[in-house]
Amino acid sequence: MIRVHFIAANGTEIATEAAAGQSLLDVGQAAGLPLEGTCEGQMACSTCHVIVAEDWFAKLSRASEDEEDMIDLAAGATRHSRLACQISLDDSLDGLVVHIPSEAHNMQGR
Ligand code: FES
């Protein structure tokens, strides 16, 4: 089991458990977090933007150029931003901490 801690925009911590191979987006959505994931992992929407805790950011495999381009368009992006749909969980990520950006609600284009 891989434990993932999400920190909601209001500071609430949500502890979840994931299986190896699951995407961070799936885990966050299953936990009821406001990660829209409109394009279902096609790197075309950035509504799955999360901010990875600094200690963990370096442990993730690097973002592709396409992912970085899409993050540039995400509201509230930081140096530790990633697209949750592009993060595949494995045992080395047990204990991962990610923050849900507070802008998540404002960027759904409705
Ligand atoms: S779900 Fe659209 S970029 Fe991740």
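This briefing walks through charges, contacts and backbone angles in the structure above. The model is a predicted one, so please read every value here as computed from that prediction. Two salt bridges are present in the structure, and five acidic residues form a patch of negative charge on the surface.

**Salt bridge between D94 and R3**

- D94 and R3 pair up in a salt bridge, and their closest N and O atoms are 2.8 Å apart.
- D94 sits in the loop between β4 and β5 (96-99), while R3 belongs to strand β1 (residues 2-7), so this pair ties together parts that are 91 residues apart in sequence.
- D94 counts as partly exposed because its relative accessibility is 27%, which falls between the limits of 20% for buried and 50% for exposed.
- R3 is partly exposed as well, with a relative accessible area of 44%.

**Salt bridge between R82 and E67**

- R82 forms a salt bridge with E67, and here the closest N and O atoms are 2.7 Å apart.
- This pair links distant parts of the chain, with R82 in strand β4 and E67 in helix α3, 15 residues apart.
- R82 is buried, with a relative accessible area of 3%.
- E67 is buried too, at a relative accessible area of 2%.

- Helix α3 covers residues 65-72, and D66 is one of the residues in it.
- On the surface, D66 gathers with E65, E68, D69 and D72 in a patch of negative charge.
- D66 counts as exposed because its relative accessibility is 51%, and exposed means over 50%.

- H49 is found in strand β3, which runs over residues 49-52.
- A polar atom of the H49 side chain lies 3.5 Å from the backbone oxygen of A75.

- R79 is found in the loop between α3 and β4, the latter spanning 81-83.
- The relative accessible area of R79 is 66%, so this residue is exposed.
- Although R79 and E54 are 25 residues apart along the chain, their C-alpha atoms are separated by 9.2 Å.

- As background, most residues other than glycine have a negative phi.
- S46 lies in the loop between α1 and β3, and at 4% relative accessibility S46 counts as buried.

**Where to look first**

- To see a pairing between buried residues, start with R82 and E67, which are joined by a salt bridge.
- For the surface, turn to helix α3 and find D66, a member of the negative patch.

Terms used:
Residues numbered from 1 in each chain as written. Predicted model: local features only at pLDDT ≥ 70, side-chain atom pairs only at ≥ 80, totals over all residues. Heavy atoms only, no water. Patch = residues over 30% accessible without salt bridge, like charges linked within 9 Å, V, L, I, M, F, W, Y side chains within 5 Å. Areas by Shrake-Rupley, 256 points an atom, 1.4 Å probe, with all protein chains shown as cover. Salt bridge = Lys/Arg side-chain N within 4 Å of Asp/Glu carboxyl O. Lys, Arg positive; Asp, Glu negative; His and termini not counted. Charge placed at Lys NZ, Arg CZ, Asp CG, Glu CD. Helix = DSSP H or I, 4+ residues; strand = E, 2+ residues; numbered from the N terminus. Buried < 20%, exposed > 50% of the residue type's maximum accessible area, 1.4 Å probe, protein only. Polar contact = N/O pair within 3.5 Å; in protein donor to acceptor, adjacent residues only side chain to side chain.
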